[in-house]
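Here is a short report for someone meeting this structure for the first time. Look at the display, then read on.

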Amino acid sequence: MRKKIIAGNWKMNKTTSETVTLINQLKPLVATEDADVVFCVPAISLTTAVEAAKGSNIQIGAENMHFEENGAYTGEIAPGMLDDIGVRYVIIGHSERREYFAETDVTVNKKVLKAFEHGITPIICCGESLTQREQGVTIDFIRQQIKIAFLNVTPEQAKTAVIAYEPIWAIGTGKVATSAQAQEVCKAIRECVAEIYDTDTAAAIRIQYGGSVTADSAAELFSQPDIDGGLVGGASLKPDFGKIVNYK
Ligand code: PEP
């Protein structure tokens, strides 16, 4: 039985002092044994967030990282730096990073491999555009994203990975996918993982849905057989996130 994982993606929101306030406000609201709860916060607030979350069930994640150990990459954050301060998750290949910062399936794969080297769990994002959905190529496109993201990842590592299926047309738009649409793609992702590895790996890997999840839509989405929780943007910045975590 897979444990649900519900992660907030704060994006470029909240100052460091606001981060402490929000974590303290959300702590009692997200306290549960039933799901892993992750707050992915801006890099500048990671150290403070790790401190603020101590003693709670909240784990802190980064929103991005570089794939090199160190070096001349001005402005970037290395995996070892995240590891050093106690960051245990990292979002990789979010569609906003792919669109605005030229990330590709190949850089996603490099980052995934590095995250595992440092014992950090990657939350690997995939998802189709509206045009791709309308053209009927959603599943083919996502299978390709997954196959490249997992190149040279061992089955043991893959079992611990998190995949976030995030249709681009649903992110920040208020247009949530129907539970049937989300389940269809998450099932196809699990089948793809079974093809790459085996059925044990596919049964272990956790697959989230992301895209305009709210307290109203969470229960139906997260009850689908192949959906193991969510990656939540806008609604993770509000007390409503507590209702999403406790969706049952
Ligand atoms: C996201 O950016 O990962 C996301 C799912 O955003 P939202 O929930 O705001 O659509």
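Just after helix 5, Gly119 takes a positive phi of about 70°. This is a predicted model, in which local features need pLDDT of at least 70, side-chain atom pairs count only at pLDDT 80 or more, and totals for chains, interfaces and linings use all residues. Residues are numbered from 1 along each chain as its sequence is written.

**Helix 5 and its surroundings**

Helices (H or I, at least four residues) and strands (E, at least two) are DSSP runs, numbered from the N terminus. Helix 5 covers residues 105-117, which makes 13 residues. From its first C-alpha to its last it reaches 19 Å, close to the expected 18 Å at 1.5 Å a residue. That expected span is 1.5 Å times one less than the number of residues.

Which residues of helix 5 are buried? They are Val108, Asn109, Lys111, Val112, Lys114, Ala115 and Phe116. A residue counts as buried if 20 or more other C-beta atoms lie within 10 Å of its own, as exposed if 12 or fewer do, and as partly exposed in between; C-beta atoms are placed from the backbone. An α-helix has 3.6 residues a turn, so residues three or four places apart point the same way.

Contact here requires that the C-beta atoms of two residues, placed from the backbone, lie within 7 Å.

Lys14 has a phi near 80°, a positive value in a residue other than glycine. Lys14 sits in the loop between strand 1 and helix 1 (16-26). Ala102 also has a positive phi, near 55°, and is not a glycine. Its place is the loop between helix 4 (95-100) and helix 5. Ala102 is exposed, because it has 8 other C-beta atoms within 10 Å.

**The annotated active site**

The unreviewed UniProt entry gives "active site" for His94 and Glu166. These two span 73 residues in sequence, yet no two of their C-alpha atoms are more than 8.5 Å apart, so they gather at one spot. UniProt positions follow the numbering used here, feature names are shortened, and annotations may be inferred rather than shown by experiment.

His94 lies in the loop between strand 4 and helix 4. Glu166 lies in the loop between strand 6 and helix 9. Not counting residues up to four places away in sequence, Glu166 touches Ser95, Cys125, Gly127, Ile171, Gly210, Gly211 and Leu231.

**The binding site and the ligand**

For "binding site", the unreviewed UniProt entry lists Asn9, Trp10, Lys11, Gly172, Ser212, Gly233 and Gly234. They span 226 residues in sequence, but no two of their C-alpha atoms are more than 13.8 Å apart, so they gather at one spot.

In the model, 13 residues surround the ligand. The closest are Asn9, Gly210, Ser212, Gly233 and Gly234. A residue is near a molecule if its C-beta atom, placed from the backbone, lies within 6 Å of it. By class, this shell has five nonpolar, seven polar and one charged residues. Ala, Val, Leu, Ile, Met, Phe, Trp, Tyr, Cys and Pro count as nonpolar, Asp, Glu, Lys and Arg as charged, and the others, Gly among them, as polar.

Asn9 lies in strand 1 (residues 4-9). Leaving aside neighbours within four places in sequence, Asn9 is in contact with Cys40, Glu63, Ile91, Leu231, Val232, Gly233 and Ser236. Gly172 is in the loop between strand 6 (162-165) and helix 9 (179-196). Beyond four places in sequence, Gly172 touches Gly233 and Gly234.

| Residue | Other C-beta atoms within 10 Å | Class |
|---|---|---|
| Asn9 | 26 | buried |
| Lys14 | 18 | partly exposed |
| His94 | 27 | buried |
| Glu166 | 29 | buried |
| Gly172 | 13 | partly exposed |

**The whole chain**

The protein chain has twelve helices and eight strands. Its C-alpha trace spans about 45 × 45 × 35 Å along its principal axes. Of the 248 residues, 46% count as buried. Among contacts with a separation of 6 or more, 72% join residues 24 or more positions apart.
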